[in-house]
Every structure is written in C-alpha cells, then in structure tokens.
Amino acid sequence: MVYTQLHDAIATRALSPGARLTEAGVAQQLQVSKTPVREALLRLRQVGLIEPDGLRGNRVIKRSEQVLRDAYETRQALEAFAVTAAAERGSDDALAHIRDLAEGSLTAAQAGDLDGYFGLDREFHAAIAEASGNQRIAGLIHDAATLMRALRHVEALAQAGIVASAYQHVAIAEALARRDEASAARHMRDHLAAVEELFNDRDRPSASA
C-alpha cells in the first residue's frame, strides 16, 4: 500500500521532482510504521523513482540529460526484446488487442485527445510486454515507463508529433499481426527514438515549463 501510494504520487507528479522524502515524514503522513515505509523507499530507489538525499533522506528523481538518456536506453532495450518475443509467442487474441489499442491511440491523437492518447499508449506498451510471455520483463517495462512519466513534460506537445507516434503504434501492431519479429523490433526502436526526440524538443530550456 505504501509503495503503491508513493509510486502513483510520483508518476502523476503529485510529488514533484526533487521533493524530499524521509521515513519519518512519510510514516507520519500515511499513519503507518517506519518499516513498510523503509521497504517502499528501497523499492522506489531500485526502480529509479527516488535517489539519496543526505544521510537519512531521499528525493524524487530530477530530470537531467544523463537520467533521461539512461531511462530511454533502458526502455529501448527492454521493449525491443518484448515486441520480438510478442511476435513469436503472443496469442492471436493478444495481438488483435494490441492492434485495437494502436488504432484507438491514433483516433485519440487525431482528435487532439491528449489524455486519451496517453492512456491508450500506456495500455499499448503494457499489452506488448504482457504478450511477450516474460513477466519479469513486463515488470521492468512498467517500471521504466513509470520513470519516464515522472521525468517528462506532456504539456503543449505538438499534435503532429502525437499523431506520428500513433501511426508508429499502428506500424508496430501490423508487424506483430504478420509475426514479423525483425520489422516489429525495428518499428519499436524507431518509435521510441521518435518519442525521445519529441520530448527532448519539449524539454529544451527555451521550451521548458
């Protein structure tokens, strides 16, 4: 419970980047003992959502060029494997569901529904991870995606970039439907590289919030 509450607060930026967390402070706020708080903070540190801040404290991870690059490279490696495995192992129903999510994300993007797009985007990538048949990989992808949500801005993104990203979802889904492992992995790598560039453009100093 403690881990989930802190995890969700960081992912949604209810706890902003750089916010300080201590065992005592979190325990008092959530009305729990320090033991589950200590375990939750350790797990959050392993995921990368928090980092040490002094002898007894932690803080929510802050964006930096190195942190962003590491997070994207980790996600690229994990998702390239997952989509390849999904093409090989995924059931027909699972791959059809992935195609539905891709098409739904495109519809939302074309309508300018940013919240709808990002919700479907998360479901799309999670469905591919699940279809890989490797639950450990799926968990790591979930953690990597959560870290990216905590690090990046989504305000005022260009709709053209979102639409292009959604078309890439469709290309990935079509490759999966053909069970074309090489094409699915290539489209996934291209998609994540394009997403990285999209958010890098948004997050450069001249455009940062």
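**Pocket, helix contact and overall form**

The residues lining the largest pocket divide by class into eight nonpolar, five polar and four charged. Here Ala, Val, Leu, Ile, Met, Phe, Trp, Tyr, Cys and Pro count as nonpolar, Asp, Glu, Lys and Arg as charged, and the others, Gly among them, as polar. A pocket is an open set of points on a 1 Å grid over the protein atoms alone, where a 1.4 Å probe fits, with protein on both sides within 12 Å along at least five of seven lines; lining residues have an atom within 4 Å of a point.

This is a predicted model, in which local features need pLDDT of at least 70, side-chain atom pairs count only at pLDDT 80 or more, and totals for chains, interfaces and linings use all residues. Residues are numbered from 1 along each chain as its sequence is written, and side-chain values use heavy atoms, without hydrogens or water.

Among the 17 lining residues, Q46, V47, G48, D143 and L147 are the closest to the pocket centre. Two or more lining residues come from each of α3 (34-47), α4 and α7; helices are DSSP runs of H or I with at least four residues, strands runs of E with at least two, numbered from the N terminus.

Helices α4 (residues 65-89) and α7 (residues 135-151) also contact one another (heavy atoms within 4.5 Å). The residues involved include Y72, R75 and F81 of α4 and I141, L147 and M148 of α7. By class, this contact has 15 nonpolar, no polar and two charged residues.

Methods:
Axes are lines fitted to C-alpha atoms, for helices over the stretch in contact, and angles run from 0 to 180 degrees between N-to-C directions.
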